[in-house]
Amino acid sequence: MATLDCLKKALKQKIESIAPPLKKPLTDLQYDAGFDLVTQGNRTSYQDFIIPQLSQTLASLLETRTDVSVLEIGPGPKSVLGYLPEQLRQKIRKYTALEPNDIFAERLEAYLPLPSLEHPPVIHRAAFGLKDETHSPCGGRAGWKAEQWDLVLFCHSMYGMKPQHKYIERALEMVRDSPEGGMVVVFHRQNNLRTDGLVCNTTASFPTGSVSVPDDDKILDCFATFISGVSVPEGTTVSAWREVCRTLGRREEAHLFFAAPEVMATFTRHATKLPELTAQVPVSNETSKIKNRQARLHEPAAVMRPTEILHVQQCVLWALEHKTSLTIVGGGHSGQCLWPGVVAVDMSAFDQIQIVASGEDEETSDAHASALVVVGTGCKTGDIVEKIMAAGLAVPMGSRPSVGAGLWLQGSIGHLARLHGLTSDSIVGAVVVSTLGEIICIGRVPEQARPAAAVHPDNEDEFLWALKGAGTNFGIVISVVFRTVAAPTYTIRNWVAPLQDFVEARDKFSKLELVAKKLQRHVSVDAYMFWDTDNLRLGVSMCEVPTPHDRETLSPDYADLCKFMGQEETSKVVNGVELFDTEMYMSVMHGGHGGGKTSAFKRCIFLKHIGSPGIVDILVAAMGTRPSPKCYFHLLHGGGAIGDVADVSTTFGCRDWEYACVITGVWSREQDGTEIADAAVQWVYKVAMDLLPISQGAYCADLGPSPRDAALAAEAFGPNKSRLARLKHSSDPENVLAYACPIPRTIAAPNLIVLVTGESCAGKDCSAERWAHTFCTNNLSARVVSVSERTKWGYAEAEGADMTRLLQDRPYKERHRPALTKYYRNQLQQTPHFPEEHFQQLVADAIGIDVLLVTGMRDNAPVVLFSHLAPGSRVIEVRVLASREVRLDRGASHATHGSTSDVDVERESAACPTFLFSNEVPGGEAANTFATTHLMPFFHEDLQRLASMMRTVPNFPSPGIDFRDVLDIVQQPDGLRLCTSLLQAHFAGDIAKADCIAACEVGGLVFASALAQQVDVPLKVLRKAFEGSRIEIDKFAITERATSVVIVDDTLATGTTLCAVLNLLVDSGVDVKAMSVIVVAEFPAHRGRELLRQEGFGGVRVQSLLVFGGA
């Protein structure tokens, strides 16, 4: 499938060869017809990329302003702004467009659904130019200066504007300077946007975009004319153009498809600030040394080559000041090391290797400790192996000599992995320039390798944990400290056998798996599937690290391989440096892939059983669809020491696998940037997605911000995603390293939703704003919304009220309160589920926000009513209290001083809020203290660590269910102690003053007994009856005088068990008001709180340490 760019080039070549003098520009009618065709055939790009990205960008602007003004360049007949969510369109108060096509301009004036414009939209039938005098929408140079915009938008309207960077610079002159400045947003075809030294604020790509067009002669004539950009007299070249379209397009169901990858780039006034950095840090022009050929197709804003740590600091501080991101060049193998319009930092100058013998490291007194090696991140694997091998040492490195630090920091699987673990497992320390610009030492860094200005961070253990598997995300690493082992020799034996069909492939892979399972750790067996000389082949490579007792004899596993693979083709003994050239894909397959003959694209999936028919069939079938002859699979043998490390001990959280399947698309260097290269990349992703559902996870190395990597990144870190996301947010708050392997947000909705309730004029909105400020000062994103705002918008439109005064003028709102209440009740009668629908919309609009604070709640027990609608979020209620006198003083009318919300409704039965906040004293100190004391603890890293201890069991007890076993916590080192301390710390009140702690046996009893012992409070056990499903308690266990009984349980799901416990306690004479509940994990989707309320326990305070969606 050719791209639109290839099609355009081919069409122009065709017309040049036939009738060059006859071509002429398109008329407005031709452009209109072609534009409609392309837009209709490109809906996926708009729905899945342009509209979501533009929505996210506009939402980010609205975090610093209440409304926005927009200048749109070349919007066409319908502005893309009209397809944004309603709540965003309502924030656009001023709109001007430049549309030179008269037909488009007329249609645009008739369709522009922006309901909140302060003045009618201004549509200028003129082009956007570089000269003020001729193209100003205000008629002159002074007009341009007078017009300042929050957003200048080019949505596929820069075609024909050359040089593009000059037009972007022109647009930047028109954006606002304050308060936070405006933004230029460009949507364009990928690889066609030339920024020429301008620095992007953010970028995003949509590589899977495509355009379809019906395979009809007349339609193709119109389509080809539009794509080529020129028209010719009717009949001149039409038939030839149709042939070009049908040759290059992919035909599906009477349509032709063409690839149309998209890119978005945003620019702020900081885009022109690159000279500030180049004046301080050396610049490199040697992008030809980048190994990844696809990365070399990108055009970075600049490549800096720092030669000292100060230079690296200056790069980070510059990025922070100008609100942009950086990419890092280590070995140059990553496709993310260069990115269009982004500054790259080339670490090649940091290429020192220093061996620290045991005893020379002052941080350890262990005379038997292994030697350390300090490696600069500009080093290549081959350089390290060669130098330390001369000293008789080794580090378990990967199998390619030219790879760099990016791979070591994300795992790196080599021939010593089964014996000594991953490369990242050998990391004991590092020197890093943090994303805040500090030089920090992490873990064990020998004195001679410590920079003078380096400090140890407070969360040093977390940093070291993160570096060992996701280290490209948490700072620019200057040097890495590895522990070493003795340098071995390696015996390599290779076999190659044909695979005739699926049956033979299944048989050989099944036998290979049986052999692999029996191998001792010093032996590994890799496998290759490739096509050579018209036959599908299986290659097997055995690597043995001889031990003293078997140097003179063959491994017994050798004979087992020979039984089904035949006699080996090659056998040799090599050292660590010679080992690189023995890899089968370097020396055997296709005549060898070395010497710069080919380019490749890879993704890696972890597999447990390579002999299973499902896996083998996918691999064999995929080889039949390979887009180029040299594509292959390399299956690296795992297990052994890799699995000895717990999933949560490092960020490399995928450990339970036997083979890492590296899916490799290969093409010749001459085909870089062509359809063949694109097809190979698509093939790799197709195979990866076929294997992912039956895999043990994906390898994070090489993954980047491309949407195609999102599904793989979601499976790359095992149980560590939540902990990683929290650390990424706190350690890289400005997203300086935005182009590293993406760390998925495991909860798209806000982590915490605070429902702010209270009587009228108690200060709910003001309190919520102050709490949001506290979150923001702690590097968390927070948003305050009013659940009643939608009602007010409808009321204002229906009754002609002033919406601005309803939101901002307290006396005005009080006068309208009775009518508002009536309007709201009518809404409920017409749409009974209106509150739930509105709440869900508020949550959906807050995707990517850490904390959502919702004011204007109209319902009692809102947590009960709404928490199941956001099952992945923690939903709590904070009731704001203020005396009658204070509320009257703040503007409450005498008629409504008892009102509980902005729109008064009858209160229902009593419900216990999560917290009460007394808002009597003017000023923000009390609110800030409350947020710090009661709300911020929900984001403590210990809760994230506790959550990571719970194993997820997919498709259990039935397909589609992800079961989380809470009791896994007690099986983890330090798990029970951590959980017990958190139960005590998060309990609202002093649990040590309780009369007793009660628990039903099994899950609850495990945690309750440890807690009771820690706080020295009596434990009362409820147990199952000997017959039936009832539970029982000794009738004298709890006295009627008990004023505080704390029920501890492991989970709250449906609530049936907890209801039974509470009913039994009531039967024992315990007053409901004396009860409170705390559980380890809650699953709101099962609506357990609703059952408690229905059973009369709505007034019992229920707290939970962890909240999960699903089962």
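Analyst: Let us begin with pairing: two strands are said to pair if DSSP finds at least two bridges between them. Please keep in mind throughout that this is a predicted model.

User: How many bridges join strand S17 to S18, and in which sense do the two run?

Analyst: Strand S17 (residues 353-356) is joined to S18 by four bridges, and the two run antiparallel; within this pair, Ile 353 stands opposite Val 375 of S18. S18 also pairs with strand S22 (residues 476-483), again in the antiparallel sense, over five bridges, and there Val 373 stands opposite Phe 482 of S22.

User: Are the residues of strand S18 buried or exposed?

Analyst: The general idea is that side chains in a regular strand alternate between the two faces of the sheet. A residue is taken as buried when its relative accessible area is under 20%. In S18 (residues 372-376), five of the five residues are buried, so the strand is largely enclosed by the rest of the structure. Both faces are covered, with Leu 372, Val 374 and Gly 376 buried on one side and Val 373 and Val 375 buried on the other.

User: Turning to helices, at what angle do H17 and H25 pack, and how is that angle read?

Analyst: Angles of 65 to 115 degrees count as roughly perpendicular. Helix H17 (residues 460-470) and helix H25 (residues 721-731) pack at an angle of about 110°, with their axes 11 Å apart, and they are therefore roughly perpendicular to each other. Their crossing is left-handed.

User: Which residues of H17 and H25 meet?

Analyst: On the H17 side they are Glu 462, Phe 463, Trp 465, Ala 466 and Ala 470, which meet Arg 723, Leu 724, Leu 727 and Ser 731 in H25. By class, the residues of this contact between H17 and H25 divide into six nonpolar, one polar and two charged.

User: Where the axes of H35 and H36 cross, what is the angle, and how far apart do they come?

Analyst: The axes of helix H35 (residues 975-986) and helix H36 (residues 1003-1015) cross at roughly 65° and come within 9 Å, which makes H35 roughly perpendicular to H36. H35 passes H36 in a right-handed crossing. From H35, the contact is made by Leu 976, Cys 979, Thr 980, Ser 981, Leu 983 and Gln 984, and from H36 by Val 1006, Phe 1007, Ala 1010, Leu 1011, Gln 1014 and Val 1015. The contact of H35 with H36 has eight nonpolar and four polar residues, and no charged ones.

Conventions:
Residues numbered from 1 in each chain as written. Predicted model: local features only at pLDDT ≥ 70, side-chain atom pairs only at ≥ 80, totals over all residues. Heavy atoms only, no water. Buried < 20%, exposed > 50% of the residue type's maximum accessible area, 1.4 Å probe, protein only. Axes fitted to C-alpha atoms, helices over the stretch in contact; angles between N-to-C directions. Parallel < 35°, antiparallel > 145°, perpendicular 65-115°, else oblique. Left-handed = near helix turned anticlockwise from the far one by under 90°. Contact = heavy atoms within 4.5 Å. Nonpolar A, V, L, I, M, F, W, Y, C, P; charged D, E, K, R; others polar.
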